[in-house]
Amino acid sequence: MNPRPLKPQYFQILLALSRGDLHGYAIQRAVLDQTEGQMRLWPATLYRSIGKLEEAALIRSVGAPEDQSDDQRRQYYALTEDGRHRLEEEAEKMARWVRAVRGAES
Amino acid sequence: MRLYRFLLRLFPRDFREHRGQEMERLFLDMSGQWERERRRLGPRFWWALMWDTATEALAERLDRAREAVRMELSRSLGEQMSTLVSDVRLALRQVRREPAYALMVLALIAVGIAGNVAVFRVLNGLFLRPLPFEAPEQLVDLDETAPAWDLEYLSIAYRDFDTWRAENNTFQSMAVLDEGGGNLIADGPPRRVDYLLTSHDIDDVLRMAPLLGRFYGPEEDHPDGPRAALLAEGFWRQEFAGDPEVLGRQVQLDGLPVEIIGVLPARARFLSDADMWLPLRQTRTDWRGWELNGIGRLRPEVSLERARQDLLAIHKGMIPEFPVNEISSPVIHSFRDRYLGEYRLGSGFLFGAVAIVLLISCANIAGLLFVRSLVRSSEMSVRLAIGAPRSRIVRQLLTEGMVFAGLGGAVGVLLGVFGSGVLVASLSDQFPTWVTFDLDARFVLFTVGVTAASVLLFALAPAVRASRAAPGSVGGTRSTAGRAQRRWMGLLVAGEVAMALALLVVGGLAVLDVQRLGRVDPGFRAEGLIAYSLTLPAARYEDGDARTAFVDAYLPRLDAIPGVESAAIASAMPLGSHWGWFFVADGSPPRSEGESNPVVLNRMVSPSYFETAGVELLAGRAFDEFDAREDGNGVLVVNERFVETHLSHLDDPIGAQVTPETDARDDSVWWTVIGVARNVKHYGVDEDMRPGVYQPFRQFPTAGFHVALRVRGDPAAVIGEARAVTADLDVELPVYDVLTMTDELAQSLWTRRATSWLIGAFSVVALLLAVAGIYGVISYTVAQRTKEISIRMAMGARAGDVSGQVLRQGMGLVLVGVIVGLLVSLVGAGRMSEMLVGVGVRDPVVYIGVTLVLVLVAAVANYIPARRAAALDPMQALRRE
């Protein structure tokens, strides 16, 4: 999966997890917020994306954090080192593109 | 929630097991959130959810398929081959070990494929193969239609064609043709040739260059132009030994010199199998009525409808000059629709019939393979347990299927090619010459495709099933079908019964229809009636008197031949050509605006014709020697239909005055009706009869006519005598087109009869296959339930209860099939109405009859295993378990 650009929903999921471990619904909410309501990840899309990201070892599933006792049964996901690295790379690339567009405009 | 869980079944099972719970949870959260935001779960929510689930499930499954394929491909080619070889070897070992089973499967496939192959060959020839001319899709058939005269096809008048050709802007070119025959003298004795008369544009329309020499041009296509002809390739080889020196030679055609200017290419015969092509030599000023066929080449991208509108505007623009164009209109068809349209429906049904036979075959094979896969599931379990991947097992079962299909398909194709050869040989004179039935790439593609499709149909499902065998269930108990499997097999049986019944209804209707048509009275006595043609060349018989004199001398000589009961001449025999005219009866009320004036079939006959042909006179008398002499009045014999259409205002048709002129005036020619003859099925026994009249030959002596002979004994000997008599009177007069009317009658129904009997035969095959399927499945279930039945019998159930229960179960399936089949056939038969003449599509005799037959046969198929169950010795059976 490395050489190809990340699909938008993969990027958004990685971004959401960069702020801490989350469960499925929380990821969905976070992505909705990040994209200002533009991207609503429906269950099948979300979990297939999670599957792909897990396969690529960009994220991994973890147990619930200690302090959130009410969500014991939920499956949480966390960014791996590779995932964090890949996210930074991608963000850097986007920033370059944005600079290039801005440069062209001015 | 339940709905969502159901939706999730779209995903592969392990994905569901892994993620399902979380997804359900997320679904609950999201729907709660949605409700908080928008208060209710509207259609947008459900739509987005379903779309999400469906597309992702598809993507997931595609991913996996891709993965599986990649794994297979990643192994080396050598490995692939060796797997294949070992699979094939395993399959062949199966064949050897159980030859009866293998033979059964092979026979099933062979029957199914043979039928499809044979019928496809005919369909391919009729409807799929393009004409052998450049850009054949631009070629169209031209004609005129005249609904007001009750004529679907009127043929084209030259002046109409001439105007269309000059003024249209939708055609690249167009041409008109006419057929004819003449007496040709080249070197030896005269011989009869068929020729095609065409306008000079024909080579542009067909984009066809001559093999030798040149085509005729406008200067030869003119009444005063030099006389020129092209020879058909076959005729050139046969009569002129393929001599290229033939160009420039003069031959005599009907006593006139003609120069041979070229030889046609072989493919010219796709348009006509005439021996020679000649220029038409007509102009727009010589009016000969409507007698030409037309062929046009459309400009690229021009639709039939646009071209028709174009010609229609031109045609109707001619009304001020030619008012008759008010009644006629141009029509344009693709060649196939015009000449083969009537066969389309019948062939479609035939193809449907063989497809159903193949489907039932596949269903039976699937059932067989399935039963065996159960028997072999312990083998599969062992192989799974020792580590064979599932894909390997599916592969092996598929290979087995393919080996069977390959062998069976090969046998089927051979049978099909042979069978279609027989079919095609007897069909070929039924169709225009451009229809051929050679085997081509399309045919090969179809046979391969249909074989492959049947493999998928019958091998895939059992293969997938078998691969699910759990590795743990080895040994111990015998493997038996569970409830799901039993339901699946029940479905198979009910489906087979439904298909067979629907086909039986169609076959029954078609066969009953031709049966009834075969008994329709054609209106004449065909047995012992033979006919041949003569044409008196204008060069030696220049007027009607000369022709009448010939006939007067000729008929008594024929009468004197031993074996001839009576001889007559007629301008057209029953089932022969049509020559129409319009008649008006004296005192008939004027036709209202828009009322049709049906064209009347006009025949010229000698007095003895009615007796010779066996046409019964219902009133009045036949002609006699004195009718239509110069001093006498004109006379007519009319048919029953004519009395209905033209003489309904009179109490007694005898004595009615009729004129052949459209505007009846006092100085018109008036003919007296002296007799009423029975309707003769002139256009085929499956067609309606038009109004018709007979005139005395003396009243209208045509140059060409048929000689009809009613004979006792051997017709061939009589024809020989007749030839001798003819040569005795005029040595240069060939006798041609000899026909026996019983053949003509059979021929006129041949295609219909063949189609119907074939559909009928295939429906019987379908019935037998379906019954075999029922028998197999019920026997199998009985065998499976031996234990249960034995226990019940040991506990006191009587034999009758046991067999009754088996019978009930089997007949329940049959009943479901019958109901579905009847519903399907009621819907499907509606489409048959155009094909049937003698029976209605809802004919209860057929529906009840075939249902009874099917139920009866199915009951027998059920009864045998039921009795076997009842005859079980419980103790022995239990001990065996």
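Student: Is Ala135(B) buried, partly exposed or exposed?

Tutor: This is a predicted model, in which local features need pLDDT of at least 70, side-chain atom pairs count only at pLDDT 80 or more, and totals for chains, interfaces and linings use all residues. Residues are numbered from 1 along each chain as its sequence is written, while chains are lettered from A and ligands numbered from 1 in the order in which they are written. A residue is buried if 20 or more other C-beta atoms, placed from the backbone, lie within 10 Å of its own, exposed if 12 or fewer, and partly exposed in between. Because Ala135(B) has 13 C-beta neighbours inside 10 Å, this residue counts as partly exposed.

Student: Where in chain B does Ala135(B) lie?

Tutor: Helices (H or I, at least four residues) and strands (E, at least two) are DSSP runs, numbered from the N terminus. In chain B, Ala135(B) lies in the loop between α5 (99-128) and β1 (139-145).

Student: Which element gives the most to the side of chain A that touches chain B?

Tutor: Two residues are in contact if their C-beta atoms, placed from the backbone, lie within 7 Å, and the contact takes 11 residues from chain A and 14 residues from chain B. On the side of chain A that touches chain B, the elements giving two or more residues are α2 (24-34) and α3 (43-55) of chain A. With 6 residues, the element that gives the most to this side is α3(A).
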